[in-house]
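This report walks through a single protein chain, from a helix and its surroundings to the sheet and the backbone details. Please keep the structure open beside the text while reading.

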Amino acid sequence: MTTIYHNPRCSTSRKTLERLRDAGIEPTVVKYLDEGWSREQLVKLFTDAGLTPGQAARKREALYKELNLAQASDDEILDAMVEHPVLVERPFVVTAKGARLARPIEQVDEIL
């Protein structure tokens, strides 16, 4: 079972979804901007991917700067991500072999 946390407006996310399908995998597609995140989901996702909240934050997002998250603790970043799902970098892919942030897209190959 494979899940992609997907933003259809993101070219990297679309290319990652295409890569999964080209590999013969039809993943569960979670449009996280619509569904949002729970704190527990994010903690597990980041732990499984070997990332901190700061590493998984979308730093190019204007809101990241507006909220001064560069100076924030991991707990503060998590709180902001739950409130503003757009702050989570994308896309994340989860398989039975683990979780990866598909940046670059080839990172996904490690868990297929």
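Which residues in α5 are buried? In this predicted model, the buried residues of α5 are I77, L78, A80 and M81. Seen down the axis of α5, these buried residues fall within an arc of 165°, so they line one face of the helix. An α-helix has 3.6 residues a turn, so residues three or four places apart point the same way. What covers the buried residues of α5 includes α3.

**The nonpolar cores**

The largest nonpolar core has 23 residues, and those with the most contacts inside it are F46, M81 and F92. At least two residues of this core come from each of α3 (39-49), α4 (62-66), α5 (74-83) and β4 (98-101). Apart from this core lies another one, of 7 residues, among them L17, V93, V108 and I111. In soluble globular proteins, nonpolar side chains tend to be buried together. When neighbours within four places in sequence are left aside, F46 is in contact with L51, P53, A56, L78, M81, V88 and F92.

**The sheet**

An open sheet is formed by 4 strands in the order β2-β1-β3-β4, and its pairing is mixed. The strands β2 (28-30) and β4 stand at the edges with a single partner strand each, so one side of each is left without a neighbour in the sheet. From one strand to the next, the twist averages 15°. Strands of a sheet pair through backbone hydrogen bonds, either parallel or antiparallel. The pairings in this sheet are set out below.

| Strand pair | Bridges | Direction |
|---|---|---|
| β1 (residues 3-5) and β2 | 3 bridges | parallel |
| β1 and β3 | 3 bridges | antiparallel |
| β3 (residues 92-95) and β4 | 4 bridges | antiparallel |

Individual residues can be followed across these pairings: Y5 stands opposite V30 in β2, while T3 has V94 in β3 as its bridge partner. V94 in turn stands opposite A99 in β4, and T95 stands opposite G98 in β4. The strands β3 and β4 form a hairpin, with 2 residues between them.

Which strands does each packed helix touch? Helix α1 (residues 11-22) packs on the sheet and touches β1, β2 and β3, and its direction makes about 170° with that of β1. Helix α3 also packs on the sheet, where α3 touches β1, β3 and β4, and its direction makes about 90° with that of β4.

The length of α1 can be checked against expectation: at 1.5 Å a residue, its 12 residues should span 16 Å, and the end C-alpha atoms are 16 Å apart, which agrees. Within α1, the buried residues are T12, S13, T16, L17 and L20. Viewed down the axis of α1, these buried residues fall within an arc of 140°, so they line one face of the helix. Their cover includes β1, β2 and β3. Just after α1, G24 takes a positive phi of about 85°.

Helix α3 contains D48, a residue that is partly exposed, with a relative accessible area of 37%. Not counting residues up to four places away in sequence, D48 touches A99 and R100. Although D48 and R100 are 52 residues apart along the chain, their C-alpha atoms are separated by 7.9 Å.

**Backbone details**

N68 has its place in the loop between α4 and α5, and at 47% relative accessibility N68 counts as partly exposed.

Definitions and conventions
Residues numbered from 1 in each chain as written. Predicted model: local features only at pLDDT ≥ 70, side-chain atom pairs only at ≥ 80, totals over all residues. Heavy atoms only, no water. Core = buried A, V, L, I, M, F, W, Y, C linked by side-chain atoms within 4.5 Å. Buried < 20%, exposed > 50% of the residue type's maximum accessible area, 1.4 Å probe, protein only. Contact = heavy atoms within 4.5 Å. Pairing = 2+ DSSP bridges. Axes fitted to C-alpha atoms, helices over the stretch in contact; angles between N-to-C directions. Expected span 1.5 Å × (residues − 1). Arc of directions from axis to C-beta.
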